[in-house]
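Hi,

Here is the structure I promised to pass on. Have a look at it first, and then read my notes below.

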Amino acid sequence: MKVLGLMRSVLSRAGLLVTLVVSLAAVGLVHAQQAQSGQAGGGEDAGLHVLPVRGNISMIVGAGANLAVSVGEEGVLLVDTGTGENADKVIELIRKLAPNKRLRYIINTNADPDHTGGNLKLGAIAQTVGGGNAGAGRTAIIAHENVLNRMSAPSGRESPTPSEAWPSDTYFGKGKKKELYLNDESIIIENGPAAHTDGDSTVYFRKSDVLVTGDVFTTVTYPVFDINRGGSINGYIDALNRIIDITVPKDKQEGGTYVIPGHGRLCDEADVVFDRDMATILRDRFANWIKQGWTLQQVKAANPVLDYDLRYGATSGPWTTDQFVEAVYADLSRTLAPAKAPAAGRTPASRTRPTTR
Ligand SMILES: [Zn+2]
């Protein structure tokens, strides 16, 4: 048992080292991108930051969720609209990025207010961005039908958002796709495995080779999933595996396809692999304990995510470590029944350190 404990401790330290190395590499990637954005004319704008990623695609940071924008001959496509209070800043920025171009499409990756809050104002600028009558009417807002279901309400009930902010062009069905072609580029909108919710879309710009994930993948917190809206930890892992299917690394697993997460910095496939491995390890750890009949209190007492807290942990903000732990426990408890009662003397209360350290 002592040897095992030592091995665990060494393994855990190795894990921490990997985390540090990956974090340092990430800082390098962001710095390289920032340098590139300076050269390419990006930078601060009214509190928003524009990061030219590749080809037609730029990333807009600071409006709530990360936004992605395609600017080209045919016009502008915007993935997500940020929070309502940032909408004017986003409009100002788009007018600067693409003067005299029409905002042709908005895509919502999920229904959350930090992704759809700007729909109302941004959906109305189609006719004014281009000037004249180039874009009469509202901009098409594309999303999976479950986004529309959450933003609207059955007739007779008050809807959570005004109808002008709702998606106007939905696609439906689990795992289905919608295709677009704009600015000389194929764009594939896909409802992958239900991860964050069952209405998430990823958006792949095929020529620029940039994948926008929405909250199916984020780098700043533990996986964010809502079990009341179809999300699950297993769906999150499946969705990341789907992203890993699409992305192609350039060299030694670095570079290649760029990945714009719902929140956090610009990534590549290696970052998604790290996140997938973290989610898988934690899922298996929780599943093992739930099968042994551990209560949520017992799981919490075992510091279940201590080895990842340095990178993903939070005690405040929209998605805390506690919320994540409770969500994983509730999610897996729905399907995993305890195989047998915990054996005497091996109850978690008797342990002073979590099994994984
Ligand atoms: Zn979000």
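The protein chain has 11 helices and 13 strands; helices (H or I, at least four residues) and strands (E, at least two) are DSSP runs, numbered from the N terminus. Keep in mind that this is a predicted model: local features need pLDDT of at least 70, side-chain atom pairs count only at pLDDT 80 or more, and totals for chains, interfaces and linings use all residues. Residues are numbered from 1 along each chain as its sequence is written.

Of the 357 residues in the protein chain, 41% count as buried. A residue is buried if 20 or more other C-beta atoms lie within 10 Å of its own, exposed if 12 or fewer, and partly exposed in between, with C-beta atoms placed from the backbone. As for contacts, two residues make one if their C-beta atoms, placed from the backbone, lie within 7 Å. Among the contacts in the protein chain with a separation of 6 or more, 64% come from residues 24 or more positions apart.

Going through the pairs, E9 and strand E10 (residues 185-190) are antiparallel over 6 bridges, and glutamate 179 has isoleucine 188 in E10 as its bridge partner. Their hairpin has 2 residues between the strands, and asparagine 183 takes a positive phi near 55 degrees there. E10 also runs antiparallel to E11, joined by 4 bridges, with isoleucine 187 opposite phenylalanine 205 in E11. Strand E12 (residues 210-214) and E13, by contrast, pair in the parallel sense over 4 bridges, and valine 210 stands opposite tyrosine 258 in E13.

Axes are lines fitted to C-alpha atoms, for helices over the stretch in contact, and angles run from 0 to 180 degrees between N-to-C directions.

Which helix holds tyrosine 236? Its place is in H7. Tyrosine 236 has 28 C-beta neighbours inside 10 Å and therefore counts as buried. Not counting residues up to four places away in sequence, tyrosine 236 touches Ala195, Pro223, Phe225 and Ala279.

There is a pair of helices to look at too. The axes of helix H8 (residues 269-291) and helix H11 (residues 321-333) come within 10 Å and cross at roughly 60 degrees. H8 and H11 are therefore oblique to each other (angles under 35 degrees count as roughly parallel, over 145 as roughly antiparallel, 65 to 115 as roughly perpendicular and the rest as oblique). Leu282, Phe286, Ala287 and Ile290 of H8 make the contact with Val328, Tyr329, Leu332 and Ser333 of H11.

Last, strand E5 (residues 75-79) runs parallel to E6, joined by 4 bridges. In strand E6 (residues 103-107), 5 of the 5 residues are buried, so the strand is largely enclosed by the rest of the structure.

Happy browsing!

Notes. Pairing = 2+ DSSP bridges.
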